[in-house]
Amino acid sequence: MLDTLPEEAFDRLTSLAAELFDSPIALVSLIDEQRQWFKSHHGLDATSTPREWSFCAHAIKQSPGTTFVVEDASVDPRFSANPLVTGDPNIRFYAGVVLTGSDGHNLGTLCIIDREPRPTPTANELERLQTLSKVVVDQLELQRSRRKIDEKNALLQMAERMSGLGRWRFDVADAKISWSDEVFRIHGLPVGANEPDFESLLALYHDEDRDILAGLVDRALTTGQGYELEARVRRPNGEVRNVTTKAECILDEAGAIQSLIGVFQDATDQVDAARFVRAVTDSVPGMIGYWDNDLRCRFANAAYLDWFGRSSEQMLGITMQDLMGERLFAENEPFIRAAMRGEHQNFERTLTKPSGVIGHTSANYIPDVDDAGRVRGMFVQVTDVTALKEAGLRLEHTNQLLEEARDRAETATAVKSEFLANMSHEIRTPLTSILGFTNLLKERADLDVSARTQISSVAGASQALLSIVNDILDFSKLEAGHVKIKPQPVALSAMLRDALLLFSPMAQAKGLGLEFVAAGLLPEGVSIDPDKTRQILINLIGNAVKFTDSGVVKLVATYDRAAERLNIDIEDTGAGMTPEQQSVLFQRFSQVDGSSTRSHGGTGLGLAICKGLSVAMGGDIGVRSSVGKGTTFFFHIAAPITKLADARSETTSSSAAPLEDLRVLVVDDNPSNRELARIILEGLGAIVTDAEDGFVGLQAARTEPVDVILLDLRMPRLSGPEVLMRLRSEDGPNQNVPVVAFTAGSDIDRLDDAHSFNGLVHKPIAPLELIETIISSVNGHNRLSM
């Protein structure tokens, strides 16, 4: 197996091991005298290491199936000076299960590796790793069995070539002729050329033999009788060769003739027949024998003798009953009698050799019928398919294990998604109150400078925490494939300028210039997802401003009309990056400066999210940078040209109409959220009532008419969607009033396309978004699009 090509089956297993055990590296490692070689290496670029460096060399000294665990290699005297510990990949934790072949020889390990110390896995976790190791061993054994089968087939081809004996087949249904390589050679034709049709085949025979062959084939197809023929064929160069062919009819289950099969031999230079037959059959990977009509053995090749543990002298003349024994003969007798009636038989059988070893065989009983139609005996051809059968059973078991492992992984992914959704709700709920009330406090005129500074610090820290939560949730959705792209007509230039202008205060504070450049004519409107595109722009522009101390940040937009593609470059005049720093970009949790003293914060997910979003929108993202010369991040997305709607722009004017006397019902299980919404809305003249959960909110909506309902999605007793469904299905004063979803983005993604919310207000509350969404919903301009 060493130095063979990568195989998907092994790569799936190491990927599954890495996922199940949350380890960055998983390997299938095989050992020889000088090195350890990786049949599969998830999370590691190297394909081999010296044997003396390998943890695997220690593991295979253990008993078969043993799990070898190193919790912290840096303090283990066996490994603390190991180059794989002191240098890349900086191994700390190692757990490897010994891979033992069917011959009892330890081959290597299936191992998981971490760059951080870990405790010894639990018994259940070790059992999972051992189960995966058994799957790896089964795959290794299956590969070995396939190689043996290929070797046997190669021997068969070699035997044909050495003996000058070819095989042919004629299918009745489509009159297709198939030749083995040796038949081409006997006819003097290039190996692999197109086989001739029947008429062209007849033309190759000597004039005196052509009609005889045609008559024998016609008789065989009419009566089902095989034939033997000695004839002459003329090669393309004019050389005439003497040939011998023998044919038998193959019948389908209904007894109809399905095909003719036969052998074809160049007898021009024929040697002694007995020696020739012996050499050929002894080279064939299977048992070949001949039994006369008294069921006595007249010929048995070497494989036949080996299977039954007898010499040639002991085999010749023995009856089939004495050879097989009473029980096995009784099992085979129906096939034997059918063959003696002239019916070809093919079947599979499990046999016990005289040595006691169980074997699986595929047998053919071919009747030997003379020209008069009498059965003179039968040819027996038996192939030992034990390795293939056992490999198939192991593969079936392997597939079952893989399916179970896949199901467990899918369950774990679903649990993770549910956990993230719950945590999002639990974190955003207090953040809504913190951000909302701090923003309200900042607007008070009676605050002194110290208090205003402290409140700004609280707001900034809360906003940073919200950004971290959003990054984690966005990346989780990208990993799970749950991001929905919602294209809509967008005023392209306005959207790009707005995204750039968001960073004017930050840029002005640092003395930086912001420039927008349209390189060529940009279309007025394109069909893109504005939110996802804006998210990429804000991330890239924000990074450029954050990491640039002087100069300018430039947004350059071009449009490829032939490809209907929008190309964006974000250029800065910052410090630039080395090739090594660029190589870790767009990877999750990676930052150019990951040290504890770094001057800029962040989760390390922003660029990974940008890449996922750009790919989801039919594009990609990349970077160009040189140290001291600045950096350019570039991305492109699919952006078909479209017409813009005439009536209304994408955003509502910030000078929204007052909410004087507007009746608003706020339904949320968090008192701080209800109070914050009440303060904002009543400050603009609205009349606010509230309810502490979905059940109480539904009761209130059934009795008192309101103009709009602000409804949290995740609440005890009745969720927001359940409240909305009942409200719309029941007659009542608020059956058709606008209902605005009030929750985290992760919850709104859980709704299906059939929901009927009229808008969405995100948590934490942004007062302007709250006011604009309520006015838009009441005026009938908005319905939340999925």
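Reader: In β13, which residue is the bridge partner of Gly289?

Author: Two strands are taken as paired if DSSP finds at least two bridges between them; strands are DSSP runs of E with at least two residues, helices are runs of H or I with at least four, and both are numbered from the N terminus. In this case the partner of Gly289 in β13 is Ala300, while in β16 Gly289 stands opposite Val380. Please keep in mind that this is a predicted model, in which local features need pLDDT of at least 70 and side-chain atom pairs count only at pLDDT 80 or more, although totals for chains, interfaces and linings use all residues. Residues are numbered from 1 along each chain as its sequence is written, and side-chain values use heavy atoms, with hydrogens and water left out.

Reader: How many bridges join β12 to β13, and how many pair β12 with β16?

Author: Strand β12 (residues 287-292) is joined antiparallel to strand β13 (residues 297-300) by three bridges, and antiparallel to strand β16 (residues 375-384) by six. Four residues lie between the strands in the hairpin of β12 and β13, where Leu295 takes a positive phi near 60 degrees.

Reader: In what order do the strands of the sheet stand?

Author: Five strands form an open, antiparallel sheet in the order β13-β12-β16-β15-β14. The edges are β13 and β14 (345-352), each with a single partner strand, so one side of each has no neighbour in the sheet. Within the sheet, β12 is largely enclosed by the rest of the structure, because five of its six residues are buried, buried meaning under 20% relative accessible area with a 1.4 Å probe, protein chains only.

Reader: How is a pair of packed helices described?

Author: Two packed helices are described by the angle between their axes and the distance between the axes. For helix α17 (residues 530-546) and helix α19 (residues 606-616), the axes come within 10 Å and cross at roughly 145 degrees, where axes are lines fitted to C-alpha atoms over the stretch in contact and angles run from 0 to 180 degrees between N-to-C directions. The contact (heavy atoms within 4.5 Å) involves residues including Ile536 and Leu540 of α17 and Leu607 and Leu613 of α19.

Reader: Which residues touch the most other members of the largest nonpolar core?

Author: In soluble globular proteins, nonpolar side chains tend to be buried together. A nonpolar core here is a set of buried Ala, Val, Leu, Ile, Met, Phe, Trp, Tyr and Cys residues joined through side-chain atoms within 4.5 Å. The largest has 41 residues, and Leu496, Leu537, Leu540, Ile541, Leu555, Ile568 and Ile570 touch the most other members. Helix α17 gives the most to this core, with six residues. Setting aside residues up to four places away in sequence, Leu496 touches Phe516, Leu537, Leu555, Ala557 and Ile568.

Reader: Is Leu402 buried or exposed?

Author: Leu402, which lies in helix α13 (residues 386-442), is buried, with a relative accessible area of 18%. Beyond its neighbours within four places in sequence, Leu402 is in contact with Arg12, Leu13 and Leu16. Arg12 is 390 residues from Leu402 along the chain, yet their C-alpha atoms are separated by 9.3 Å.

Key. Buried means under 20% relative accessible area, exposed over 50%, partly exposed in between (1.4 Å probe, protein chains only).
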